[in-house]
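Thanks for coming. I will go through one structure this morning, piece by piece. Please have a look at the sequence and the model before I start.

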Amino acid sequence: MISYAEHIRPEDLPKVPFVLNGVSSRFIREQKIIPLEFKNNVLKVAMANPENVVAIDALRVATAADIVVYGCDTKVVDEYLARFYEQETQNINRIIEDLGEKGIEFLREEEEDIGHLKDLASEAPIIRLVNMFITRAVESRASDIHIEPFEDELKVRYRIDGVLHDIETTPKRLQAAIVSRIKIMAKLNIAERRLPQDGRIRLRVGENELDLRVSTIPVLYGESVVMRILRKEGIVIDLDLLGFPPDTLRRFNQLISKPNGIILVTGPTGSGKTTTLYGALDKINSPDKKIITVEDPVEYQLKGVNQIQVKPQIGLNFANTLRHIVRQDPDIIMIGEIRDLETAEIAIQSSLTGHLVFSTLHTNDAPSALTRLLDMGVENFLLSSTIRGILAQRLVRVICPACKEKDSALTDSEELKLFGLPEDQVLYHGRGCAQCAQTGFYGRTGIFELLVIDDDIRKLVLKSADANQIRDSARRAGMKTLLEDGAEKIKAGITTLSEVLRVTQEA
């Protein structure tokens, strides 16, 4: 289906170009099309010639979407395309031209010449290309850069506000040089392609001081590279700013002020567990307390905290390090993750000897953490006497304040019922604007579920009760579930219903 809308103003065009899968930059330039937004299988575009039915039909077939066409002044479209699409294409083309007529071919392992690869990776064009990927990622507020090799292309994707976006497709023949350049920057072995490697790059982009954690892993068509971008000023370690409801924050502050015991934070990878733990440590850090952390990796440096980076390859793992930590006379210990029974037992012994222990677990909700530890083999009587509280959390994207508006779309009544919301509940969404790069979201906040261990739950743990029984008891004592906290944030217009559903499906 094709429909036409009003004329679009130049200031409403996206400040960051919107990338369409399956549609080449050449087609966009030749047909003078500016992609605006792609949501719910509806693609919005601005065109210098809205009557160009052939181009619109081609777009509809390529994207398998309904098209909404906005008229736009020809001069505005030309300037926009020249500024973004031609510039990016010229950048890549210039880099390829600079490499010479021969270019770079992806060498098979038996043919590879490490010296030649080093030379190619040190060429100015490849250095500029990798720098461009990193600079654009920082400008786009990305947390990760994914460089993924496929049979006939090298894809570059950015994770922005927790969601991956396709950004660039690079010629396959540049793959070996790009990966080698990143490995050289991260001080990795460029000759080793069969095994995963981890490294670190420290650099400055504009005013930002960055720490890039680099991970490479062999895949079918080469090596996949992921760079995690850690900004020195980017971490929020103030608990008051993480999105806690007032009552949950008050009870969590009470828990972290206890002299001993174990406090767990649970959730999947990328749910902000480490940030919450750093916030807790920052809150209770004082000159009269010694705090030691054991992490893999140390993501951010905390002032006044002794942080240890585990190195399993030399035997410095969580369990070995923890045995030695207690001789350092700490008051508070943070363990990056409880992965096995040995680490869990040392954490329990540390809490029994008067230490306050923080750690994380990968479970879907707070009650499941107790059953997970029991499944690991931890004795129930030890668990009931040491665990003080368990916090489950997720990160949801926040509706962009610059384009926030009432959502007029019909909402499934079953979904509203799931959140305990009335059928006439006013919902909000982001229309999509330049500030949020047409996504409708800007930044993230947390939703939380805090399980405080009381006498009733201790009795259930001693009976090895299942997670459902523990959850029912906790809710009677006032625990808000992740869905309930998410419902509060939907009502307050902070996030959307679909966003909360996205992150709480397992829970």
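In which loop does Ser464 lie? Ser464 is in the loop between α15 (455–462) and α16 (467–476). Before going on, some housekeeping. This is a predicted model, in which local features need pLDDT of at least 70, side-chain atom pairs count only at pLDDT 80 or more, and totals for chains, interfaces and linings use all residues. Residues are numbered from 1 along each chain as its sequence is written, and side-chain values use heavy atoms, with hydrogens and water left out. Helices (H or I, at least four residues) and strands (E, at least two) are DSSP runs, numbered from the N terminus.

Back to Ser464. Its phi is near 55 degrees, a positive value in a residue other than glycine. At 44% relative accessibility, Ser464 counts as partly exposed. The terms here are buried for under 20% relative accessible area, exposed for over 50%, and partly exposed in between, with a 1.4 Å probe and protein chains only. Lys187 also has a positive phi, near 60 degrees, and is not a glycine. Lys187 sits in the loop between α7 and β8, and at 75% relative accessibility it counts as exposed.

Now the sheet on either side of that loop. Six strands form an open sheet in the order β7-β6-β5-β10-β9-β8, with antiparallel pairing; two strands pair if DSSP finds at least two bridges between them. β7 (163–170) and β8 (197–205) are the edge strands, each pairing on one side only. From one strand to the next the twist averages 20 degrees. Within the sheet, β5 (residues 142–149) and β6 (residues 154–160) run antiparallel and are joined by seven bridges. Pro149 stands opposite Leu154 in β6. Helix α7 (residues 175–185) lies across β5, β6, β7, β8, β9 (208–219) and β10 (222–231), at about 45 degrees to β10. Contact, here and below, means heavy atoms within 4.5 Å. Axes are lines fitted to C-alpha atoms, for helices over the stretch in contact, and angles run from 0 to 180 degrees between N-to-C directions.

What is the residue count of the largest nonpolar core? It has 52 residues, and Leu370, Leu373, Ile387 and Leu451 have the most contacts inside it. Such a core is a set of buried Ala, Val, Leu, Ile, Met, Phe, Trp, Tyr and Cys residues joined through side-chain atoms within 4.5 Å. Helix α12 (residues 366–376) gives the largest share of this core, six residues. Beyond its neighbours within four places in sequence, Leu370 touches residues including Leu383, Ile387, Leu451 and Ile470.

Strand β16 (residues 387–399) has twelve of its 13 residues buried, so it is largely enclosed by the rest of the structure. β16 pairs with β11 (residues 261–266) in the parallel sense over five bridges, with Thr266 opposite Ala392. β16 pairs with β19 in the antiparallel sense over ten bridges, and here Ile399 stands opposite Phe441. Thr445 is in β19 (residues 441–452) and counts as buried at 13% relative accessibility. Among the contacts of Thr445, leaving aside neighbours within four places in sequence, are Leu242, Arg394, Val396 and Lys489.

Last, a helix pair. α10 (residues 318–325) and α11 (residues 341–352) pack at about 20 degrees, with axes 9 Å apart. α10 and α11 are therefore roughly parallel to each other, the cut-off being under 35 degrees, against over 145 for roughly antiparallel, 65 to 115 for roughly perpendicular and oblique for the rest.
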